Amino acid sequence: MQPVPAMADAPLLAVQDLTLAIRGASVVDRVSFAVARGEVVAIVGESGCGKSLTALAVMRLLAPAVRLSGGRILFEGRDLAALPEAAMCGVRGRDLAMIFQEPTASLDPLMMVGSQLVEALRIHQAVSTAEARERARAMLAAVGIPDPARRLDQYPFELSGGMCQRVMIALALICGPRLLVADEPTTALDVTIQAEILDLLRSRVAGQGTAVLLITHDMGVVADIADRVVVMYAGRVAEIADAAALYAAPRHPYTAMLLASVPRLEAAPKGRLATIEGQVPTPAEFGPGCRYASRCPLAIARCTAEAPPLVTDADGHAAACWRSGEAATLRGAA
Amino acid sequence: MTPASEPKAELAADAVNPTTPAQPAALVLAIRDLAVHFAGRRGLFAPPAAVVRAVDGVDLTIAPGETLGLVGESGCGKSTLSNAVLGIVRPVRGSVQVAGAEVVGADRAGLAAIRRTVALIFQDPALSLNPRMSIGAAIGEPLAVAGVARGAVLRERVAALLRAVGLRPEHAGRFPHEFSGGQRQRIVIARALALEPQLVVCDEPVSALDVSVRAQILNLLVDLQRERGVAYLFVSHDLAVVRHVTDRVAVMYLGRIVELASRDTLFAAPKHPYTRALLDAVPDPDPARQRGRTRMRLTGDLPSPADIPPGCAFASRCPLVADRCRTERPDLTTRPDGAQVACHFA
């Protein structure tokens with residue numbers, strides 16, 4: 001392993017030109033973004049845009065059918081993409097950890113909650129079982145589980161969905177990772193529980209400086225918690241911006257239309273929602289140009305012929321669109 | 001209105017239906033004092049069975065062409081209630097009338113007749129379609145089973161239904177896997193509309209869909225209602241979606257309706273603390289507004305429906321709770337703006 005250079009302003013995680021292929025089709029195509037220490041970065045997009053695959057690639061948990069065919073995943077300067085699996089096992093769970101969408105499917109149904117937490121801790125740290133158990137109890141308390149000592153000896157089926165999600169977050173946080181990868185952590189939960197889980201993540205970021213890479217399709221969740229947003233479409237990055245700037249003035253037509261199609265609580269009564277006509281292209285339909293061109297009202301001949309590069313402006317707002325200056329006009333299109 | 005200490009006292013349509021005119025005979029759906037209980041599990045290692053009161057004394061009505069939203073958290077009984085409308089579960093008491101026909105206690109033939117006037121759309125279109133049946137056959141099946149059409153007439157009806165939901169008639173011979181999630185939900189909607197039902201129960205119809213496709217399906221449901229006058233019972237946990245498609249909204253908590261109001265009244269002036277907390281929990285898709293909000297937070301989970309506390313079921317999570325709430329269950333009472341609320345203090 002090469003020594004890690006100490007760079008104060010280097011990002012915690014820098015994904016560079018990540019390319020993932022399934023049977024030759026690049027389902028994630030040259031994706032680049034960075035996550036700073038203590039930052040919450042959201043990757044948003046629809047099913048099949050590659051956001052979950054990107055998260056799994058960062059954790060090196062890709063299914064065998066998905067090939068990491070290019071790019072680097074620099075975590076604290078070290079390229080996880082090139083790390084042997086044995087070394088990755090020492091990093092995964094300790095330096096970066098992941099929580100999944102379906103908490104009941106991600107916990108071992110035959111193991112008591114406490115045993116799962118103790119196991120996760122003792123894999124990475126030389127602590128006695130008694131001490132690990134005490135740290136597990138403290139961790140359950142920290143994620144807002146009432147009566148944590150009793151919960152240690154319960155099985156996942158004895159807990160509600162919201163409680164299971166808290167246990168999974170406790171499991172991910174118990175070794176004190178610097179990066180938490182959260183793949184749709186609240187999608188399976190009720191809005192009331194979602195609000196509590198987002199509060200919990202927020203307090204962890206503020207208190208311990210844990211960075212979060214949040215994968216979601218919910219623009220409301222993004223607005224609530226993200227510092228920066230990466231918008232993905234059909235395997236490519238469409239736009240990267242600070243959350244406030246992205247919502248105020250999107251520079252990619254897809255982002256603008258996605259924001260316009262979200263139902264809002266204060267919206268007009270029984271009005272029509274703006275829609276994006278057509279469907280996301282399948283990998284077989286990917287052409288040489290912009291993958292959004294077939295659904296884009298701003299598309300011109302150049303868009304189908306030549307893929308626009310991701311261009312970062314002086315203000316740090318990046319978009320991959322030949323007509324990014326006009327994208328915001330689609331915001332109000334209904 | 002008098003407080004409904006006697007359930008029978010509030011059966012007049014204008015009481016349960018504050019924004020639509022009183023026409024009891026014309027109602028598409030009339031639910032009275034409905035209760036569905038499930039016996040708890042009785043296994044070798046299980047403790048003695050407890051009765052789960054999934055739905056416990058619900059009154060609701062839907063007028064023709066109206067959309068009633070039914071919202072609440074997982075486990076509040078909203079899916080059990082919609083299943084009771086279809087006659088899929090057997091209530092322990094109460095009545096469900098679909099277009100005047102009684103569902104509770106109906107025999108096989110009676111249910112078959114009722115199911116020609118009420119249809120159902122589920123959350124996951126992939127699970128609602130037989131993967132080995134062409135979509136044309138799937139959409140035509142209700143028509144064939146009911147003996148309404150066959151042969152060339154059936155094919156023409158299927159083609160018209162496909163056009164009505166925005167699909168191409170020439171796709172009738174294709175199979176579900178050849179379609180995207182949004183298209184599959186269009187197919188499910190076409191099949192639901194095949195027998196021209198007066199009521200469609202939509203159980204989380206867009207929850208499994210992506211945002212851009214969700215908007216297409218919601219627009220389609222609204223358009224079909226305008227064209228055909230079909231009524232919807234729209235079950236959802238997503239209040240922003242409910243705001244877009246409904247006329248009235250019922251909020252359910254642990255098997256009971258805690259607030260029932262016209263859509264505009266409910267969203268402009270929510271009264272029950274549970275309704276307010278639900279609305280506050282929906283994130284605003286605008287970072288500036290979302291981060292500036294002061295929100296009412298609920299703590300704790302829904303109590304188990306097998307062990308509903310006496311008094312108000314919401315008392316264990318309510319920020320306004322007082323001693324009275326733990327002993328005395330509040331009934332639905334009508335407020336000056338027409339909203340019905342079950343709370344001592346709201």
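Biologist: What does chain B average in pLDDT?

Modeller: pLDDT is the predictor's confidence in each residue, from 0 to 100. Chain B averages 88, and 90% of the residues score at least 70. This is a predicted model, where local features need pLDDT of at least 70, side-chain atom pairs count only at 80 or more, and totals for chains, interfaces and linings use all residues. Residues are numbered from 1 along each chain as its sequence is written, with chains lettered from A in the order in which they are written.

Biologist: Over which residues of chain B does pLDDT stay under 50?

Modeller: Where pLDDT is low, the predicted coordinates should not be read in detail. In chain B that applies to residues 1–24, where pLDDT stays under 50.

Biologist: How do I read the packing of helix 4 and helix 7 of chain A?

Modeller: Two packed helices are described by the angle between their axes and the distance between the axes. Axes are lines fitted to C-alpha atoms over the stretch in contact, with angles from 0 to 180 degrees between N-to-C directions; helices are DSSP runs (H or I, at least four residues), numbered from the N terminus. Here helix 4 (residues 113–124) and helix 7 (residues 161–173) of chain A pack at about 20 degrees, axes 9 Å apart. They are therefore roughly parallel (angles under 35 degrees).

Biologist: Which residues make the contact?

Modeller: Contact means C-beta atoms, placed from the backbone, within 7 Å. Helix 4 of chain A brings A:Val113, A:Gln116, A:Leu117 and A:Ala120, while helix 7 of chain A brings A:Val167, A:Ala170 and A:Leu171.

Terms used
Helix = DSSP H or I, 4+ residues; strand = E, 2+ residues; numbered from the N terminus. Parallel < 35°, antiparallel > 145°, perpendicular 65-115°, else oblique. Contact = placed C-beta atoms within 7 Å.
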